[in-house]
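Please open the model in a viewer and keep the selection panel at hand. The stops below are given in the order in which they may be selected.

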Amino acid sequence: MANQNDQFKKVVSHAKEYGYIFQSSEIYDGLSAVYDYAQNGVELKNNIREYWWKAMVQMHENIVGIDAAIFMHPTTWKASGHVDAFNDPLIDNKDSKKRYRADVLIEEYCAKIESKIDKEIKKAQKRFGDSFDKEQFLATNPRVLGYEEKINSTLSRMARSLENEDLVDVKALIEELEIADPLTGSKNWTDVKQFNLMFGTKLGASAESAMDLYLRPETAQGIFVNFLNVQKSGRLKIPFGIAQTGKAFRNEIVARQFIFRMREFEQMEMQFFIKPGTQQEWYERWKEIRLKWHLSLGMGEENYRFHDHEKLAHYADAAADIEFKFPFGFKELEGIHSRTDFDLRQHEEYSNKKLQYFDPEENKNYIPYVVETSIGLDRMFLAVFSNALQEEELENNTTRTVLRLPPVLAPTKAAILPLIKRDGLPEIARKIVDDLKWDFNVIYDEKDAVGRRYRRQDAAGTPFCITVDHDTLEDNMVTVRHRDTMEQKRVKIEELRELIKHEVDMRTWLKKM
Ligand code: GAP
């Protein structure tokens, strides 16, 4: 745990030191759970967004994109269920005065039991060596079975109570499990209460005529209300998808994990409109496609897992998360939800407008079903950034900090470094910058010894350093140093563009999907 905390602290401080992420309004002591993207952060964020957009919109003939407004007619949120059901069950600790999500406290309790199972597996693996059969062990070991029974009964009781709005039982469960305040150990809890997560605001100049609005808590509704406009103007045939990226806002109570849970964040969502009855098939298909997208970035297959939802959101008939191994453990990165026809049906009812599709093959109208893929851009940023940050022992007993960002996402693709600041080397380096900048984000750096400049670029995540030295004057070649291997090779200046392109081109990476 201490190690996880240390690693997470390093991620946060590295993000600040290298111009990735700053606390919002830092000079006024910041605003809790709100962050600003700095000069490198915005590039990384843009690249992740583009990588998603290309994979979803450009690579799929039947998916189009839109950009709906953040403000929407307030009835949207009545119809979507957010006014009545977008709540978190909260509980306060009377001693520490800290507020928690009751379901998260219970889930964390279960995660602790799960780590006990992992420990049992490791112990048994050691004891039995090569003859260890994990599946058999999990199916027969009485202690493991006991742990699993505890997890299952706890989670299903919680799901049942939340489903039935039985908050008294949620509190009873917390007390029976003897769950303590993670910060102070106190078990002195208040009752559990529901708390709506939407931010309200007003439209209009005078108090009497002002209209109550919400800042959208998800981008998805902008897609649903535009469904028929897009389908008709694009003459789209089912199955088809509408994709969108944009800001969403939630008044999160438990917002302690840097950009993991923010009050203002960005989503990348896609609603896939399908024939009713085909949802199971498309749900499985989209789970597979989205996992492949993640794996194409090469951040380690072992760092992902699916987690099926115990408690389904008010709109879903099936839902799973793609979880990623963050520095604080496996947590939700993306959700894939089978939303049935809930949203379109609700909007039909509340707007009194038909939101149906005429299926020429079936010769009839129906409300399509929807499978949604929804990922937080900031959360993806945290996954990429925290996974990339590594400290490496070198052969000469020194360490180096290296940010092994997938090159396709790196903010700066190459740093061009004159070995020294005279003898015409800066001029050649500047010329290389001027040539490469049309294709890639590159920078010029002449400050400090070249070794220090290499380390600075390693830590900033730049995949290539290109050094101009005295030999360049003779042979028109430069030294290219690779961030990950630290290998250096001489390359002709005119071959630089192809060499960089080979490693950073989205096409090469997306083809791995
Ligand atoms: N339209 C469905 C929807 O919004 P969600 O599971 O509430 O579903 C989808 O959110 C994704 O948005 C999550 O998997 C997560 O990556 C991201 N997300 C949600 N709340 C967030 C927050 N407060 N801060 C950062 N990312 C968040």
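Select domain 1 and domain 3 together: across their interface, 0 salt bridges are found, a salt bridge being a side-chain nitrogen of Lys or Arg within 4 Å of a carboxyl oxygen of Asp or Glu. The same interface has 2 residue pairs in polar contact, both at pLDDT 80 or more; a polar contact is a pair of N or O atoms within 3.5 Å, where within protein one must be able to donate a hydrogen and the other to accept it, and residues adjacent in sequence count only if both atoms are side-chain atoms. On the side of domain 1 that touches domain 3, helix α2 (residues 39–58) gives the most, with 6 residues; helices (H or I, at least four residues) and strands (E, at least two) are DSSP runs, numbered from the N terminus.

This is a predicted model, in which local features need pLDDT of at least 70 and side-chain atom pairs count only at pLDDT 80 or more, while totals for chains, interfaces and linings use all residues. Residues are numbered from 1 along each chain as its sequence is written, and side-chain values use heavy atoms, with hydrogens and water left out.

For the selection itself, the domain assignment, automatic or from a database, gives domain 1 as 42–72 + 214–398, domain 2 as 87–196 and domain 3 as 412–510. The C-alpha centres of domain 1 and domain 3 are 37 Å apart.

Next, select Lys-10 in helix α1 (residues 2–17). Which residues does Lys-10 contact, leaving aside its neighbours within four places in sequence? They are Leu-389 and Glu-391, contact meaning heavy atoms within 4.5 Å. Lys-10 and Leu-389 are 379 residues apart along the chain, yet their C-alpha atoms are separated by 8.5 Å.

Move to Arg-400 and Asp-458, which form a salt bridge with the closest N and O atoms 2.8 Å apart. Because Arg-400 lies in strand β18 (residues 399–403) and Asp-458 in helix α15 (residues 450–460), the pair ties together parts that are 58 residues apart in sequence. Both Arg-400 and Asp-458 are buried; buried means under 20% relative accessible area, exposed over 50%, and partly exposed in between (1.4 Å probe, protein chains only).

Finally, select Glu-176 and Arg-157, another salt bridge, at 2.8 Å between the closest N and O atoms. Glu-176 is exposed, with a relative accessible area of 53%, whereas Arg-157 is buried at 18%.
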